[in-house]
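Student: I have a structure open on my screen and would like to learn how to read it. Could you take me through it feature by feature?

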Amino acid sequence: MSEGSYRSLRDVAIGDTVTVVKLHGSGAVKRRIMDMGLTRNAKVYVRKVAPLGDPVEITVRGFELSVRKQDAECVEVS
């Protein structure tokens with residue numbers, strides 16, 4: 001991938017499990033994402049995606065969360 005291009009949580013297919021590599025963004029947005037448990041090396045399972053792609057329902061650290069598409073784009077995964 002080229003610099004500035006990465007695989008985000010938004011790009012993950014339903015039913016896949018990925019690992020958080022890095023959080024992009026800053027300030028309140030990054031803090032909110034971290035407060036939800038989306039931190040480096042966390043395993044994330046994508047349960048569902050709404051018909052228009054927003055929100056994304058995930059399981060992380062045993063909790064089920066709904067994440068806005070905009071926030072999911074800030075989470076780099078592998």
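Predicted model: local features only at pLDDT ≥ 70, side-chain atom pairs only at ≥ 80, totals over all residues.

Student: What share of the contacts with a separation of 6 or more comes from residues 24 or more positions apart?

Tutor: Such pairs account for 53% of those contacts.

Student: Now the inside. Which residues of the largest nonpolar core touch the most other members?

Tutor: First the general idea: in soluble globular proteins, nonpolar side chains tend to be buried together. Here the largest nonpolar core has 19 residues, and Leu9, Val20, Leu38, Val44, Ile58, Val60 and Val75 touch the most other members. Strand 1 (17-23), strand 2 (43-49), strand 3 (56-60), strand 4 (63-67) and strand 5 (75-77) each supply at least two residues of this core. Take valine 20: leaving aside neighbours within four places in sequence, its contacts include Leu38, Val44 and Val75. Over the whole protein, buried residues make up 33% of the 78 residues.

Student: And glutamate 57, is that residue buried or exposed?

Tutor: The cut-off for buried is under 20% relative accessible area. Glutamate 57 has 19% relative accessibility, so this residue counts as buried. Glutamate 57 lies in strand 3, and beyond its neighbours within four places in sequence it is in contact with Tyr45, Val46, Arg47, Lys48, Glu64, Leu65 and Ser66.

Student: What should I know about backbone angles?

Tutor: Most residues other than glycine have a negative phi. Two residues here are worth a look for that reason. Asparagine 41 has a positive phi of about 70° although it is not a glycine, and arginine 61 likewise has a positive phi, of about 55°.

Student: Where is asparagine 41 found?

Tutor: Asparagine 41 is in the loop between helix 1 (27-35) and strand 2. Exposed means over 50% relative accessible area, so asparagine 41, at 58%, counts as exposed. Arginine 61 also counts as exposed, at 51% relative accessibility.

Student: How far apart are lysine 30 and aspartate 71 in sequence and in space?

Tutor: They are 41 residues apart in sequence and 8.6 Å apart in space, C-alpha to C-alpha. Lysine 30 lies in helix 1 and counts as partly exposed at 30% relative accessibility. Leaving aside neighbours within four places in sequence, lysine 30 is in contact with Leu23 and Gly25.

Student: Last, the surface and the charges: how many positive and negative side chains does the protein have?

Tutor: There are 13 positive and 10 negative side chains, and the centres of the two sets lie 4 Å apart. The protein exposes about 4,900 Å², with carbon and sulfur atoms supplying 49% of it.

Technical notes: Residues numbered from 1 in each chain as written. Heavy atoms only, no water. Core = buried A, V, L, I, M, F, W, Y, C linked by side-chain atoms within 4.5 Å. Buried < 20%, exposed > 50% of the residue type's maximum accessible area, 1.4 Å probe, protein only. Helix = DSSP H or I, 4+ residues; strand = E, 2+ residues; numbered from the N terminus. Contact = heavy atoms within 4.5 Å. Areas by Shrake-Rupley, 256 points an atom, 1.4 Å probe, with all protein chains shown as cover. Lys, Arg positive; Asp, Glu negative; His and termini not counted. Charge placed at Lys NZ, Arg CZ, Asp CG, Glu CD.
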